[in-house]
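Dear colleague,

Here is the structure I promised to pass on to you. My notes on what was found in it follow below, and I would be glad if you read them with the coordinates open.

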Amino acid sequence: MADISEEERVIPPCKYEYLDHTADVQLHAWGDTLEEAFEQCAMAMFAYMTEIETVEIKEVKEIEAQGDDLLGLLFHFLDENLFLFCDDPYFIVRKVKITEFDRANFKMKARCYGEEFDLAKHPQGSEVKAITYSNMQVHENEGRCEVFVIIDI
């Protein structure tokens, strides 16, 4: 089991919702900073896959993402998170914490906390097949940042 501090085990408040979409689902996440909105969007994606409250923080995985702009960075960040779940063994994430966020070069690093996915413990929700650029949005306002992402289910 990874050495995870008590502070790292604290789960942030939920700042996301699911919006109706014709054939897929749109994630809407927000936060005080753009980093928090990105983190919440990743957690929303995992919460769509299972009842997120059943996921314990037992391991930590580190990911990196890079894009050509903020939309590309968000896309690749979510895609890297989705890869964690699709890799063997399947890893379900409960909490995401961005550790580096380079706006000038559109690069980031994050720590993803969770455990190996187990159907006996984690109820199966909807499978997320892919992240899409369709109607992807990033809004930065003073005191509140929002992201909208449609995922293919």
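Arginine 94 touches Ile11, Met43, Ile52, Glu53, Val55, Ile57, Tyr113 and Gly114, where a touch or contact means heavy atoms within 4.5 Å and residues up to four places away in sequence are not counted. Please bear in mind that this is a predicted model, in which local features need pLDDT of at least 70 and side-chain atom pairs count only at pLDDT 80 or more, while totals for chains, interfaces and linings use all residues. Residues are numbered from 1 along each chain as its sequence is written, and side-chain values use heavy atoms, with hydrogens and water left out.

Arginine 94 belongs to strand β4, residues 91-102; helices (H or I, at least four residues) and strands (E, at least two) are DSSP runs numbered from the N terminus. Arginine 94 is buried but has no salt bridge, and the nearest side chain of opposite charge, that of glutamate 53, is 5.5 Å away. Here buried means under 20% relative accessible area, exposed over 50% and partly exposed in between, with a 1.4 Å probe and protein chains only. A salt bridge is a side-chain nitrogen of Lys or Arg within 4 Å of a carboxyl oxygen of Asp or Glu, and for charge Lys and Arg count as positive and Asp and Glu as negative, His and the chain ends not being counted. A polar atom of the arginine 94 side chain does, however, lie 3.2 Å from the backbone oxygen of isoleucine 52.

Turning to the whole chain, the protein has three helices and eight strands, which run α-β-β-α-β-α-β-β-β-β-β from the N terminus on. Of its 153 residues, 47% are buried.

Phenylalanine 77, leaving aside neighbours within four places in sequence, is in contact with residues including Phe38, Ile63, Val96 and Met108.

The peptide bond from aspartate 88 to proline 89 is cis, with omega near 5 degrees, and proline 89 is placed in the loop between α3 and β4. Phenylalanine 106, in the loop between β4 and β5, has a positive phi of about 55 degrees although it is not a glycine. Asparagine 135, which lies in the loop between β6 (130-131) and β7 (137-141), likewise has a positive phi of about 55 degrees and is partly exposed, with a relative accessible area of 46%.

With kind regards

Terms used: A polar contact is a pair of N or O atoms within 3.5 Å; within protein, one must be able to donate a hydrogen and the other to accept it, and residues adjacent in sequence count only if both atoms are side-chain atoms.
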